[in-house]
Amino acid sequence: MASSYKKIYKATAVSPANIAFIKFWGKKNPKRNIPFNDSISMNLSNCITTTTVEFNPRFRSDRVILDGRELKDEKKFRVLKMIDLVREKSNIPWGVKVESKNNFPSDAGIASSASGFSALALSASVAAGLNLSLKELSILARFGSGSASRSVIDGFAQWNKGKNSNSSYAIQIAPPEHWDVRDIVVVVEAEKKKKSSTEGHTVAPKNPFFTVRQKLLSKRIRNIKNALLKKNFKKFGELLEEEAIELHIIAMTSKPPIFYWNKGTIEVINKVREIREKGILAYFTMDAGPNVHVICIAKDAKILNRKLRRIPEILFTIINKPSVGTHLLKKHLF
Ligand code: PMV
């Protein structure tokens, strides 16, 4: 029986960026984004990507639009690689339109690839009629960008490196309401970063210090997870800084060396240490970029933010709470 009903293959998802407390740095299997070590993160309430995906037999070509600009480069290729995985799983051969918006600067080391690829994984899979489990969603997001595997989880997540593609995905350590901490993202540069994390992942395993790092990690992971679960902020913060500095030491001593820090980064690090000496507990970490994430207890966020914004190199700050992970939205972008 002919029906006038036409199913619409369209869905919209929202997803947070995340800050890694223990970092993913170095890929055991670069094609499948399988890491050398487990990583731990918190989702960020105010660094968000919204993505709408539509599959339609009338679309003659695949289109990807990010923040109002049609993509034609490597980024479009990465998006379409994930779309192709979804097409393969769902047997949908049609053209696609992807539109995506960030509420924070892309490519500045605020993990826009994590929020971007996790939002894409959910919107594309739902648009294609797939009903993925959380584990399957984390794995699909991982194919786009390793850190995206953690953004699908509510609150605090651990990405277990696993033994193969099927066992390398993120799980929850604690829900967002577990710990009332804040991440003040201190933006000292909002331009596209000069060295991508992909380049960093490629050179890291050849660095002689990388083996030392891998040896130190299992104890650090255990300890930071414990501090997080017991809400021991001082212990947590000390391990957080140790881990951040170590990642950048690996980057700086790789061949060729990668320097993500700039003058503003150092100013913020110094300020955090100075503030701490005066009694406010705050600790820093950075991902693959110059911007600094200052982690503090909720009650200290306002005063800390005011102090940090007095540093001349600072462009702006974004205050984040622990957030839920990737979820669907009824309202589409187009
Ligand atoms: O997910 P990628 O390939 O962009 O790598 C992320 C790397 C870091 O942000 C530095 C660490 C992490 O675990 O998020």
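At roughly what angle do the axes of helix 6 and helix 7 cross? Before I answer, please keep in mind that this is a predicted model, in which local features need pLDDT of at least 70, side-chain atom pairs count only at pLDDT 80 or more, and totals for chains, interfaces and linings use all residues. Residues are numbered from 1 along each chain as its sequence is written, and side-chain values use heavy atoms, with hydrogens and water left out.

Helices here are DSSP runs of H or I with at least four residues, numbered from the N terminus, and axes are lines fitted to C-alpha atoms over the stretch in contact, with angles from 0 to 180 degrees between N-to-C directions. The axes of helix 6 (residues 208-230) and helix 7 (residues 233-252) cross at roughly 160 degrees and come within 10 Å. That makes helix 6 roughly antiparallel to helix 7, a term for angles over 145 degrees. The contact, meaning heavy atoms within 4.5 Å, involves residues including F209 and R213 of helix 6 and K235 and E246 of helix 7.

Now to the ligand, which is surrounded by 14 residues, each counted if one of its heavy atoms lies within 4 Å. The closest are F24, S145, S147, R150 and S197. Some of these make polar contacts, which are pairs of N or O atoms within 3.5 Å. For S147, a polar side-chain atom lies 2.6 Å from an oxygen atom of the ligand, and for R150 a polar side-chain atom lies 2.8 Å from a ligand oxygen atom. In F24, by contrast, a polar backbone atom is 2.8 Å from an oxygen atom of the ligand.

Technical notes:
Helices (H or I, at least four residues) and strands (E, at least two) are DSSP runs, numbered from the N terminus. Angles under 35 degrees count as roughly parallel, over 145 as roughly antiparallel, 65 to 115 as roughly perpendicular and the rest as oblique. A polar contact is a pair of N or O atoms within 3.5 Å; within protein, one must be able to donate a hydrogen and the other to accept it, and residues adjacent in sequence count only if both atoms are side-chain atoms.
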